[in-house]
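Student: Can you walk me through the aromatic side chains here? Keep it short.

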Amino acid sequence: MELLNVSKLSKEFGGVKAVQDIDIVIEENEITGIIGPNGAGKTTFFNLLTGIYSPTSGEITYNLEEEVKSRQLKPQRMARYGIARTFQNIRLFKEMTVFDNVLLGYHSNMNYGVLSSILRLPSYFTGEKQASDKVTELLRIFNLLEKKNEKARNLSYGDQRKVEIARALASDPKVLLLDEPAAGMNPNETNELTKLIRWVKDEFGLTIVLIEHDMSLVMKLCDKIFVFDYGHLIAEGNPESIQNNEKVIKAYLGGDYVAQAK
């Protein structure tokens, strides 16, 4: 089933064409990779998918419980429709605990109102218990439960990445967008992250779209890969076809990578 359909998508900034006439279809319950050199338009594309930017032209359609067009919604509304993301630069609240950072991701699912909170009605306590249980389970999954009371700034870089992904999952998304999740990680951490993303996709029934420069992660993890260069989509296909695509080798992978892969 098509979960996301991008048609003739373009974005310009003062005459600079960051993304040009992109056509992409993303299938439900797949892991899709977006790769390309720096400045290729990948993060701009993510910002369009999540409503941070409005397209100059073209259209993005999510086929969720109802059809959602991104130009109609702001990021906070996109989250309510089941679209969550992480960022290239980690955006945790560094002085808050690990538990409270993840709890913020659950905010859109809170089912009690201000009045219930002020008067401490039964719905308030029920909602708080559900939120606490959800966060505790996510921290257990990510092996962070023992660090739940640590301030986020005290965690290793790899653990901060895990907290950010756990916070995104707390909103019960249907689509998870990961912007360079392996950035700053060593090979062991990247290998652990690869296994974790695959497990999260299967366990939570998610569709995952990721931007990544670590080709070992991309080639092991992704069902399909789209390659950007100077704002254009220059190739798409499974990992094997991308590794052997002459345009991709010339624009991004290079001969050394191909030789090592073989």
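Tutor: One term to begin with: buried means under 20% relative accessible area, exposed over 50%, and partly exposed in between (1.4 Å probe, protein chains only). This is a predicted model, where local features need pLDDT of at least 70, side-chain atom pairs count only at pLDDT 80 or more, and totals for chains, interfaces and linings use all residues. Residues are numbered from 1 along each chain as its sequence is written, and side-chain values use heavy atoms, with hydrogens and water left out.

Student: What counts as an aromatic pair?
Tutor: Rings of Phe, Tyr and Trp (its six-membered ring) pair if their centres lie within 6.5 Å. Planes under 30 degrees apart are stacked, over 60 edge-to-face, and the rest tilted.

Student: How many aromatic pairs are there by this rule?
Tutor: Three. One of them joins Phe13 and Tyr53. Their ring centres are 5.2 Å apart and the planes meet at 70°, so this pair is edge-to-face.

Student: Where do Phe13 and Tyr53 lie?
Tutor: Phe13 is in strand S1 (residues 2–13). Tyr53 is in the loop between helix H1 (42–49) and strand S4 (57–63), so the pair ties together parts 40 residues apart in sequence. Helices (H or I, at least four residues) and strands (E, at least two) are DSSP runs, numbered from the N terminus.

Student: How accessible is Phe13?
Tutor: Phe13 is partly exposed, at 35% relative accessibility. Tyr53 is partly exposed too, at 28%.

Student: And what is the geometry of Trp199 and Phe204?
Tutor: Edge-to-face, with 6.4 Å centre to centre and 80° between the planes. Trp199 is partly exposed at 36%.
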